[in-house]
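Here are my notes for your first look at this model. Please keep the 3D view open as you read.

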Amino acid sequence: MKFVECESQLSQLTGLLESCRRGEGAVAVVTSPIAAGKSRLLHALAQEALKTGAVVVSATGSYAESSLPLGLLGQLLHNAPMQGEILPPAFGEQGHVALSAALEAGGWQSAQAMETLREALLRVAGDHPMVIEVDDAEYIDPLSLKCLLYCVRRIRSTPVLVVLTGTESPRLDRSLELRELLGLPHCHRIRLPLLSERGVARGLRDELGPVDAERFAHIWHNLTGGNPLLLRALAEDQRIHSTVEREQGETVIGPTFRQAVLSCLERCAPETRAVLHGIAIFNEAAPTALVASLVGMDPVTAGLHIHALNEAGLLAGGRFRHPHVRTAVLSDVEPERRARLHLDAGQLLHDAGAAAVTVAGHFVASERTPPAWSLQVLREAARSTLVHDQVEVAVRCLELAHKVATEPADRAVLQVAAAMAEWRVDPSRSMSRLPAIAAALRAGTLRDQHAVLALRALLWHGRVEEVVDLLHRTDGIDDVGTRETVGRWLAACFPPARESSEKVAGTPGPGPSVLVTGGPDTTAATALTTVLGGGNTDDGVSRAEQVLESARLDDVTLEPITLALLTLVYADRLDVASRWCERLFQTAREREATCWTAMLGAVRAEIAMRRGDPGSAEVLASSALRRMSPTAWGVAVGLCLSVRVQALSVMGRYTEAEAVLNEPTPDALLKSRYGLGYLYSRGRLHFTMKRFRAALDDFLACGDLMQAWEMDLPGFIPWRADAAAACLRVGKPGPARQLVMDQMQRPGAHQPRPKGGALRVLAAAGDLKSRPMMLRESIDHLQQSGDRVEMAHALADLAHAQHELGQLDHARMTSKLAAQVARECRARPLLDSLIGKVTDPARDNETAKESEGFTELSEAEWRVANLAARGDTNREIARRLFITVSTVEQHLTRVYRKLEVGGRGDLPAKFNQITAGVGSP
């Protein structure tokens, strides 16, 4: 990089050189921050001196040689441009040794030795002016400095220019020799500062070109403080790396820059370097007193070193200008010393009253076991970091606390806490902790909520028998509340263990019909078993809403919240469930909690499928599955898999659906509630692929389990209606009717969705004349439920019945409406079966005109019109479809125009005309 903004300093030195040529000796002391360009300035002066015929003798001070007697003087004599020995024969073969002994003797011997040395140096120059350059003069060994000062005092009338450079630091400021030098009348002090922003732009012009130099000048000046060495390193990194970042205005910080930082450290005094290490350990802007205590220095001196580092551009206001600078500085600290410094920093911060997170951060960074008192600090830090979604930091705090803890109960609780923290990111990570957690449960060292969480973790991965065994061990889980909570959880999630769960919970069936006052685990599990067991639906819904209203989404409440949402879904409260789910999903996504987002995404997929939107359901389920590995999902993977299979079946993507069913699943899946949905979805795939006997087997197997597990709720899985449809396809109308009639007697069977589906199958099993009326009732219920897939099938059945009865015009209109809904649902097989099946070229023009109005509606307009026709207000429609009220009004305006109706009041009649076949034949 171009050497800039040193013109005045170089001019001063060349002026002194000119005086030297006239026989006037002088001394110049050049000071600057670290790596500001002193050496380059000396080199430039040397070049000018050589051009004028002057003799240049140079040497460089070094901390490593600062204790070597006459080390720097030896450099000067060795570098002198003269043949033969410089020292006179009087000093013998061991000239330097003899000179050193004479200097240390003091008195006339010392004076005689220094005079001899001065004469020797003058002989080097002969009749020419002489320039003596000493770089990093703060590291001159004492004897060399003594000789040099002797010479300097006596050069005022000789053609000698002595230039000394030094890095600004407390060591240089406190030098008595420097003060003496500066007091001499022929001594000149010159300061070389770092580059200004304009100087940075000038220096970069040749490296980057004028445009990029101006663009990067401000950024790079802030990054380096104008330090030339760091600037040259940045420019080199830009050349090494792609120009894409430069075009986007980004700066590449690579290995060259980090090496330049280390080079700056090499040039620092050891004390300055130690202070910089201390600042890097603290990371934050720590008080000077703490930095001083950490490195064993008094605060005043530490403050001077910090000032020097600010001046050098490595720090700004006592803080690193960029994280890469701190990283490079930390790499300069030997690992064992770095560990000790972090432990000491943690102790100092704790004594100063710092936050637990700050103190714990140093203990974690040390990678060493901290003192015993740190246990509480580490636990508090873990809680705080989890609140702020710093999961990895929390886990490391908990693992370190586990090393510190000595009590078995503390160690067990810490294992559970670490497992729950890891759960948020990836539940499979916690599997390695399960053996230790199970052992703690057997030993009775986990109690209350921690025991519940531990048992839930085992259940997630399908270790049901182990949990049941633990619950029955009186020497392990002896807390009644814990046993009851987990017992209800077993009944809700793993019904085969119902008998065992009832024994440990002490409460048969779904439990009492009053609101549970326990924690969210008990309340959510009871809500689900109440609804699925055919109990008081309103009671179950109230319990679920109690959980959702009172529990804040976190690692502990995720599963109870999921159960509460599914309770609302199975109770056919899709609108309420959707509102809660969307709100919670947004929270999970904002907090980047992988497991939370995946689980809530699976519930969103289930809701979309029940609303007859298989396209969205498949996308949501696939997205949820991608967020976690199959191992991480545990048995809950059944929820996503069943939704995907059902959605793909509806859309006619059979190969993909079969591939989903071929994916490996946990052994415990079919022993869990999620296994019911998995069996049912497999039956649906068989049915759509016309493998009706295989479908019937799956539906009946699903039904057997639901009855045995006392979860026989049509709103959950309407297995009887589907089994009846399969019976009809294999020529068994009698069993089909019986299955449907049995379903209609079940609790919850009169909810719109299961009732609409049952009526559709019942119509198919009945006589042709009564079929249209029953199908219109089915359509009415399905429209109310919002399940557009089932409604499309019911409309298709109605069109077929109307066609069989000779109502061709009505059949055409109904068929077109069925095709419209099927197209919106992406139900490709159904749509293909409808196209061209009930057409008549001679159809009535007026009837055609009426049906065309519906086909002109967009998907969004159809949804709004459908809800408006059933009586929903604009605000209710907006909330249900997640759009604004203004958008609803705009859609309705276009609907009125396309359907040629006067307003909202005409919509029900218009829809009834289509579904009822526009009157009697």
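1. Which loop holds Leu70? Leu70 is found in the loop between β2 (55-60) and α3 (71-79). Keep in mind that this is a predicted model. Leu70 is not a glycine, yet its phi is positive, at about 60°. Is Leu70 buried or exposed? Its relative accessible area is 3%. Buried means under 20%, so Leu70 counts as buried.

2. Now go to Glu367. This residue sits in the loop between α19 (356-366) and α20 (374-387). Glu367 also has a positive phi, about 55°, and is not a glycine. Its relative accessible area is 60%. Exposed means over 50%, so Glu367 counts as exposed.

3. Next comes Asp787. Look for it in the loop between α42 (771-785) and α43 (788-804). Asp787 is buried, with a relative accessible area of 3%. Which residues does it touch, not counting those up to four places away in sequence? They are Arg610, Arg611, Gly612, Arg753 and Leu782. For a sense of scale, compare Asp787 with His186. The two are 601 residues apart in sequence. In space they are 98 Å apart, C-alpha to C-alpha.

4. Turn to the nonpolar cores. In soluble globular proteins, nonpolar side chains tend to be buried together. The largest nonpolar core here has 167 residues. Leu441, Leu446, Leu455, Leu490, Leu565, Trp633 and Leu907 touch the most other members. Helix α32 (residues 594-610) gives the most to this core, with 11 residues. A second, separate core has 75 residues, including Ala260, Leu294, Cys397 and Val404.

5. Zoom in on Leu455. Set aside its neighbours within four places in sequence. Leu455 is then in contact with Leu441, Val467, Leu470, Leu471, Ile477, Thr482 and Val486.

6. Now the helix pairs. Helix α35 (residues 637-650) packs with helix α37 (residues 673-688). Their axes are 8 Å apart, and the angle is about 15°. Angles under 35 degrees count as roughly parallel, so that is the label for α35 and α37. The crossing is left-handed. From α35, the contact includes Gly638, Leu639 and Val645. From α37, it includes Tyr674, Tyr678 and Leu685. The residues of this contact divide into 7 nonpolar, 7 polar and 2 charged.

7. Compare helix α14 (residues 270-282) and helix α18 (residues 335-351). They pack at an angle of about 65°, with their axes 10 Å apart. This crossing is right-handed. Ala274, His277, Ile281 and Phe282 are the α14 residues in the contact. Among those they meet in α18 are Arg337, Arg338 and Leu341. By class, the contact has 7 nonpolar, 2 polar and 2 charged residues.

8. How do they cross? Thr288, Ala289 and Ala292 in α15 meet Pro299, Ala302, Gly303 and Ile306 in α16. This contact has 5 nonpolar residues, 2 polar and no charged.

Notes: Residues are numbered from 1 along each chain as its sequence is written. This is a predicted model: local features need pLDDT of at least 70, side-chain atom pairs count only at pLDDT 80 or more; totals for chains, interfaces and linings use all residues. Side-chain values use heavy atoms; hydrogens and water are left out. Axes are lines fitted to C-alpha atoms, for helices over the stretch in contact, and angles run from 0 to 180 degrees between N-to-C directions. Helices (H or I, at least four residues) and strands (E, at least two) are DSSP runs, numbered from the N terminus. Angles under 35 degrees count as roughly parallel, over 145 as roughly antiparallel, 65 to 115 as roughly perpendicular and the rest as oblique. A crossing is left-handed if the near helix is turned anticlockwise from the far one by less than a right angle, and right-handed if clockwise. Contact means heavy atoms within 4.5 Å. Ala, Val, Leu, Ile, Met, Phe, Trp, Tyr, Cys and Pro count as nonpolar, Asp, Glu, Lys and Arg as charged, and the others, Gly among them, as polar. A nonpolar core is a set of buried Ala, Val, Leu, Ile, Met, Phe, Trp, Tyr and Cys residues joined through side-chain atoms within 4.5 Å. Buried means under 20% relative accessible area, exposed over 50%, partly exposed in between (1.4 Å probe, protein chains only).
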